[in-house]
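Hi everyone, thanks for coming.

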Amino acid sequence: MKKISLIFLTVTLIYGCQKQPETTNGNGFEDKKFEEADAKLSSYLDTLDNPKADKKDQKQILCIEYPNLYKHEYLPALLKLTDAEPKEKLLNDLKLTTDYYSEKLGIVCE
């Protein structure tokens, strides 16, 4: 399952490096939104990978914060900046990632 997470992160980084210079207002606003969301997702993954992290925090991240940030900030910014894979494929990547961490950490999201 670590391979799935590694694949997801690799795909994310590849698409992040391929972003187009086009922005909505000419000052890099979309770039900044993407970079901020990407940094937050990375910090969430760091917490999920930390065996000493509080289980309550991990559940909050896995079940609420990570999916919401991915769907409402990261994904829209990524789609605006790149010719990324179809939205459905990227949402499937999210499911693979959350399923992996759910199994790894023994967390069940209600």
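I'll start with the overall layout, then go to one helix and its surroundings.

Please keep in mind that this is a predicted model. Of the 110 residues, 36% count as buried. There is also a number for how the chain folds back on itself: among contacts with a separation of 6 or more, 68% are between residues 24 or more positions apart.

Now let's follow helix α3, which covers residues 55-81. Where does α3 bend? The bend is at Ile61, and it comes to about 45 degrees. Ile61 is also one of the buried residues of α3, and others on that list include Leu62, Tyr66, Leu69, Tyr70 and Tyr74.

As a general point, nonpolar side chains in soluble globular proteins tend to be buried together. In our model, the largest nonpolar core has 22 residues, and those touching the most other members are Leu41, Leu48, Tyr66, Tyr70, Tyr74 and Tyr101. Which elements give two or more residues to this core? They are α2 (29-49), α3 and α4 (87-105). Of these, α3 gives the most, with ten residues.

Next, the pair α3 and α4. In general, we describe two packed helices by the angle between their axes and the distance between the axes. Here the axes of α3 and α4 come within 11 Å and cross at roughly 170 degrees. Angles over 145 degrees count as roughly antiparallel, and therefore α3 and α4 are roughly antiparallel to each other. The crossing is right-handed. On the α3 side, the contact residues include Leu62, Tyr66, Tyr70 and Leu78, and on the α4 side they include Leu91, Leu94, Tyr101 and Leu105.

Last stop: Glu110, in the segment after α4. Is Glu110 buried or exposed? Glu110 is exposed, with a relative accessible area of 84%. Glu110 and Cys63 are 47 residues apart in sequence, yet their C-alpha atoms are 7.9 Å apart in space.

That's my tour, and I'm happy to take questions!

Definitions and conventions
Residues are numbered from 1 along each chain as its sequence is written. This is a predicted model: local features need pLDDT of at least 70, side-chain atom pairs count only at pLDDT 80 or more; totals for chains, interfaces and linings use all residues. Side-chain values use heavy atoms; hydrogens and water are left out. The bend at a residue is the angle between axes fitted to the seven residues ending there and the seven starting there. Helices (H or I, at least four residues) and strands (E, at least two) are DSSP runs, numbered from the N terminus. Buried means under 20% relative accessible area, exposed over 50%, partly exposed in between (1.4 Å probe, protein chains only). A nonpolar core is a set of buried Ala, Val, Leu, Ile, Met, Phe, Trp, Tyr and Cys residues joined through side-chain atoms within 4.5 Å. Axes are lines fitted to C-alpha atoms, for helices over the stretch in contact, and angles run from 0 to 180 degrees between N-to-C directions. Angles under 35 degrees count as roughly parallel, over 145 as roughly antiparallel, 65 to 115 as roughly perpendicular and the rest as oblique. A crossing is left-handed if the near helix is turned anticlockwise from the far one by less than a right angle, and right-handed if clockwise. Contact means heavy atoms within 4.5 Å.
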